[in-house]
Amino acid sequence: MLDLKMIRQETDFVKEKLATRGIKAEEIDELLALDQQRRDLIVKSEGMKATRNQVSDEISQLKRNKESANDKIAEMQKVSKDIKALDEELVELEVKVQDKTSRLPNIPNDNVPIGLTEEGSVELRKWGDIRHFDFKPKSHWEIGEDLGILDFERGAKVSGSRFLYYVGQGARLERALYNFFLDQNQEAGFKEVLPPYMVNAASMYGTGQFPKFTEDVYKLEDEDEILIPTAEVPLVNYYRDEVIPAEKLPVRFTALSPAFRSEAGSAGKDTRGLIRLHQFNKVEMVQFTKPEDSWEALEMMTNHAEELLKLLGIPYHVITLTTSDMSFTAAMTHDLEVWLPFQDRYREISSCSNTTDFQARRAHIQYRDENGKLQYVNALNGSGLAVGRAVAAILENYQNEDGTVTIPEVLRPYMGGAEIITKED
RNA sequence: GGAGAGUUGGCAGAGUGGUAAUGCAACGGACUCGAAAUCCGUCGAACCGGCUUAUACCGGCGCGCAGGUUCAAAUCCUGUACUCUCCUCCA
């Protein structure tokens, strides 16, 4: 969430920056008009409350002296009634102001390419040689089904579309990957955490999914519990409504969790394979830093995620998303995209974002600076990495003409020493 | 799922209708060569608003949260969250 005072004081700057994310200047003007009304009401109401407090004190004195206070009491009855009416009006306005403010996206960093589509994204760097195949490469779902390690049919029968079973070496490969990721992340300084997979609405608000993106998630009926769309939610909310001791910063977490997504609005897209599922595993990284350290932390985290792909030997490139392609909370996002031979294109496997103080302000995560003043931390998140998509990338990039798949060397210790995936019985 | 107890400032802990004791910690000062001890003072600078370049200052709010009763609520009423104990259940 943006600071309302900042919107008030630097209105032109905010308008200009948010325009690049599709927010019209009129929306800001409406917000500020409501805010002005709100403040006017506060002045009125608080003035009356001050009177009431003063007179109440006098009543108390009179009663103590056993004198009559009836006329003052009658007077205050009227005042209290008026205050109540004003406060009701005020609450309505505050809800409106809060709602409007919480629907504004973060201010993009100056280095973010401006664009209203994903077209303008900038390629930062590229790594790895794209493999030349002597045969026609198969899709990962075809490879997986032929080997008997991915079972989409039974996934659909038992759960529905966009669900699957990993079987045998497939399940083992998935487990190998996330253990590998977790181990690497720990070595890079991220503390391993195993978070809850259901969170309450307040947590969803804290990380910015709510109130705007409620239709994208799965909510339990009759309960205030939502299936997490990413471990970012429980990891960032770990410190919600807390003050982190300054000496602990930066705090770095990593966690494996399933991610549940309704994929509303993406009907027809990526209907086959591991790319777009209602449930997939992801190893997530989250960092809390002092504001002055967050940009360096973003580069560090992006580089670390890249390192994972280098170790796996999968070609990728890094792009910086445009102002409107970034997620709501981000001030800047680097996406890592891996090469998928069958699709003949790069696909996202990691998204690393600096949300600056946007999430911290929503979730009230603070620290005390050198002067003892409370400040909001900066929060960052990044995938390290999406596990299902990593499986897809390995199957497609490491496939052999006979339909088997070579296991990347770094994963072999996690696969009981196996070097190749062959057909399951 | 059932029963009971609890939730007050950084911590401990009083307070059952008249507007948040006290102790510790912290901060400022005195004493001291310096420190400790002692003494004096400040202390919910969490938040919101007014006035301000900014402080200061003034006011609101503030006793888990949300409502209600009342001229007045930490105190009374209702709902709710969380914690602990016991029972039940269970991996």
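How far apart do the end C-alpha atoms of residues 172-408 lie, and what percentages of the span are helix and strand?

## The annotated span

In this predicted model, the end C-alpha atoms of residues 172-408 lie 13 Å apart, and the span is 27% helix and 31% strand. The boundaries come from UniProt, where an unreviewed entry places the feature "domain: Aminoacyl-transfer RNA synthetases class-II family profile" at these residues, 172-408.

## A three-stranded sheet

Three strands, in the order S8-S14-S15, make up an open sheet whose pairing is mixed. Because strand S8 (242-243) and S15 each have a single partner strand, they stand at the edges, and one side of each is left without a neighbour in the sheet. In general, the strands of a sheet pair through backbone hydrogen bonds, in either a parallel or an antiparallel sense.

For strand S14 (residues 365-368) and S15, the sense is antiparallel, and the pairing extends over three bridges. Within this part of the sheet, Arg 368 stands opposite Leu 374 in S15.

Val 377 is placed in the loop that lies between strand S15 (374-376) and strand S16 (378-386). This residue counts as buried because its relative accessibility is 0%, which falls under the 20% cut-off.

Leaving aside residues up to four places away in sequence, Val 377 touches Ile 244, Leu 249, Phe 288, Thr 289, Thr 356, Asp 357, Ala 360, Ile 365, Gln 366 and Tyr 367. Lys 136, by contrast, is 241 residues from Val 377 along the chain, and the C-alpha atoms of the two are separated by 50 Å.

Note on methods
Residues are numbered from 1 along each chain as its sequence is written. Chains are lettered from A and ligands numbered from 1 in the order in which they are written. This is a predicted model: local features need pLDDT of at least 70, side-chain atom pairs count only at pLDDT 80 or more; totals for chains, interfaces and linings use all residues. Side-chain values use heavy atoms; hydrogens and water are left out. Helices (H or I, at least four residues) and strands (E, at least two) are DSSP runs, numbered from the N terminus. Buried means under 20% relative accessible area, exposed over 50%, partly exposed in between (1.4 Å probe, protein chains only). Contact means heavy atoms within 4.5 Å. Two strands pair if DSSP finds at least two bridges between them. UniProt positions are given in the numbering used here, feature names are shortened, and annotations may be inferred rather than shown by experiment.
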